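Have the picture in view as you read.

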Amino acid sequence: MHIVIMGCGRVGASLASALEDLGHSVAVVDRDPAAFRRLGSGFTGRTVTGPGFDRATLLAAGVAEAGAFAAVSSGDNSNIIAARVAREIFGVENVAARVYDIRRAEIYERLGIPTVATVRWTTDQMLRRLVPSGAEPLWRHAGGSLELAELPVADSWFGRRVSEFQERTGVRVAFLTRLGEPMLPHSRTVLQDGDLVHVLMHSDRVAEVEAAALRGPKEDAR
């Protein structure tokens with residue numbers, strides 16, 4: 001797939017490298033030609049100098065053939081405008097924009113532009129490490145009905161199957177972090193000491209789910 005990235009800062013350059021490693025063709029757009037130095041000598045894709053929301057610039061980057069577009073410059077307004085141009089003018093199916101302002105991120109999510117709210121994500125991650133109590137959402141649906149959270153669990157869950165944990169808490173285990181690496185569990189996966197449990201749950205059941213996870217299976221036995 002061909003992918004266009006607007007912004008060649010640290011995030012844009014890292015994203016371009018990761019996508020090339022996955023076998024995709026990549027074009028990177030930036031106003032400053034010196035920014036392309038971050039791509040390194042191994043980058044084989046296109047570099048286009050210009051504003052990322054300019055139609056001629058985007059066409060030069062191959063947006064007409066692109067299957068995805070990422071707007072990760074340092075400007076919220078530029079990212080949103082570029083994302084909307086890619087989606088609405090050129091019909092790019094997969095579009096995402098980095099946004100620093102949390103309020104703007106929520107608004108544009110409702111308008112159908114997927115956003116990554118950098119400040120919100122970093123804040124949530126720091127809270128999880130500094131005050132590891134309670135479920136801190138990693139992602140929340142724009143409508144607020146569903147969220148992904150890292151859930152604190154009682155030690156008595158370790159040695160129990162993921163399927164039992166799901167049944168008793170009423171959540172879906174999205175993934176585990178084990179020894180620093182993410183893993184997708186199946187129904188027979190057994191929770192181990194040190195696992196970080198990331199779950200999908202309804203937002204109106206957070207308190208109930210937390211209580212069930214902290215009670216453990218023995219106290220909740222029927």
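## Asking what the labels mean

This predicted model has seven helices and eleven strands in its chain. Of the chain's 222 residues, 41% count as buried. The accessible surface comes to about 12000 Å², with 53% of that belonging to carbon and sulfur atoms.

Q: What makes W157 count as buried or exposed?
A: The cut-off for buried is under 20% relative accessible area. W157 has 0% relative accessibility, so W157 counts as buried.

Q: What makes E181 buried, partly exposed or exposed?
A: Exposed takes over 50% relative accessible area. E181 has 54%, so E181 is exposed. You'll find E181 in strand β10, residues 181–183.

Q: Why is D101 called partly exposed?
A: The label covers values between the 20% and 50% cut-offs. D101 has a relative accessible area of 23%, so D101 is partly exposed. D101 sits in the loop between β5 and α4 (102–110). From the C-alpha atom of D101 to that of D76 is 7.4 Å, although the two are 25 residues apart along the chain.

Q: How do you know where the buried residues of helix α6 lie around its axis?
A: Helix α6 spans residues 162–169, and its buried residues are V162, E164, F165 and T169. They cover an arc of only 160° around the axis, so they are on the same side of α6. After α6 comes G170, which has a positive phi, near 75°.

Q: What makes strand β8 mostly covered?
A: Strand β8 covers residues 146–151, and five of its six residues are buried.

Q: How do you know that β8 and β11 pair?
A: At least two bridges are needed for strands to pair. β8 and β11 (residues 196–202) have six, in the antiparallel sense, so they pair. One place to look is E147, whose bridge partner in β11 is M201.

Q: What makes up the largest nonpolar core?
A: This core has 22 residues, and V4, F69 and V92 have the most contacts inside it. At least two residues each come from β1 (2–6), β2 (25–30), β4 (68–71), α3 (76–89) and β5 (94–99). The largest share, five residues, is supplied by α3. A second, separate core has 17 residues, including L151, V162, V197 and V199.

Q: How do you know what V4 touches?
A: Touching takes heavy atoms within 4.5 Å. Leaving out residues up to four places away in sequence, the partners of V4 include A27, V29, V63, F69 and A70.

Note on methods: Residues numbered from 1 in each chain as written. Predicted model: local features only at pLDDT ≥ 70, side-chain atom pairs only at ≥ 80, totals over all residues. Heavy atoms only, no water. Core = buried A, V, L, I, M, F, W, Y, C linked by side-chain atoms within 4.5 Å. Buried < 20%, exposed > 50% of the residue type's maximum accessible area, 1.4 Å probe, protein only. Helix = DSSP H or I, 4+ residues; strand = E, 2+ residues; numbered from the N terminus. Arc of directions from axis to C-beta. Areas by Shrake-Rupley, 256 points an atom, 1.4 Å probe, with all protein chains shown as cover.
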